[in-house]
Amino acid sequence: IPAMFLRSVLLCGLHALAVAGLLTEPSADSKGKLERGSCPLFWYDSGTDCYKYVASQMTWAKAELNCQSLGANLVSIHDAGEMNFITTLIENFDPNKGFHWIGFSDVHEEGSWMWSDGSPRDFAFWLPGEPNNWDGPSCAHLKFWEVMKGGWNDDVCRSAYSSVCKLRKTCAYGL
């Protein structure tokens, strides 16, 4: 049996176990280390997803379109572990800890926040007093703040920031 076939079957099996919640999270010892794993070149592996830091500064819409051109979306964040991974990814590429778009916005309806990838709103990590919607429909970005490793802030979507894309790992079925 060809090695590539066995590798594909193994990766698909691990993916199915991870999606079903049957695999444990990485140990505390591995936090802060970025690994490519089974992700494409220049993407970093965490659980069932791959993540890419994009240094180019763009508006929120252009950043989302850029991620879509890569088969991904701006990152959606669903738990504290994923939030920690994203902040670690950013810290590895941006020592200045600037602003970074994530895929959360209320552009469709003021006050109704949605992820650009259509995933559920099951986690939020707003900075104190946010979102404040001070200038109408907004898009969320990750902001580092002196008392927190990172949190979310809303801003006008036409601001230009770097971003993080999230790509779902897929399995090739029908091998």
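**Close-up views of a predicted model**

**View 1. Strand S2 and its partners.** Seven bridges link S2 (49–58) to S8 (161–168), and these two strands run antiparallel. Strands here are DSSP runs of E with at least two residues, helices are runs of H or I with at least four, and both are numbered from the N terminus; two strands count as paired if DSSP finds at least two bridges between them. Look for Lys-52, which stands opposite Cys-165 in S8. On S2's other pairing, strand S1 (residues 44–46) joins S2 in the antiparallel sense through three bridges, with Ser-46 bridged to Asp-49 of S2. S1 and S2 make a hairpin with two residues between them, and Gly-47 in the turn has a positive phi of about 65°. S2 is mostly covered, with seven of its 10 residues buried (buried means under 20% relative accessible area, exposed over 50% and partly exposed in between, using a 1.4 Å probe and protein chains only).

A note before moving on: this is a predicted model, where local features need pLDDT of at least 70 and side-chain atom pairs count only at pLDDT 80 or more, while totals for chains, interfaces and linings use all residues. Residues are numbered from 1 along each chain as its sequence is written, and side-chain values use heavy atoms, leaving out hydrogens and water.

View 2. In H2 (residues 60–69), the buried residues are Trp-60, Ala-63, Glu-64 and Cys-67. Seen down the axis of H2, these buried residues fall within an arc of 100°, so they line one face of the helix (the arc is that of the directions from the helix axis to the C-beta atoms). They pack against S2, S3 (73–74), S4, S6 and S8. Turned away from the buried side are the exposed residues Lys-62, Leu-65 and Ser-69. Just after H2 comes Gly-71, with a positive phi of about 80°.

**View 3. The largest nonpolar core.** This core has 22 residues, and those with the most contacts inside it include Ile-77, Phe-104 and Trp-152. A nonpolar core is a set of buried Ala, Val, Leu, Ile, Met, Phe, Trp, Tyr and Cys residues joined through side-chain atoms within 4.5 Å. S2, H3 (80–93), S4 (100–105) and S6 (139–145) each supply at least two of its residues; H3 gives the most, with five. Apart from this core lies another, of 16 residues, among them Trp-60, Cys-157, Cys-165 and Leu-167.

Key. Contact = heavy atoms within 4.5 Å.
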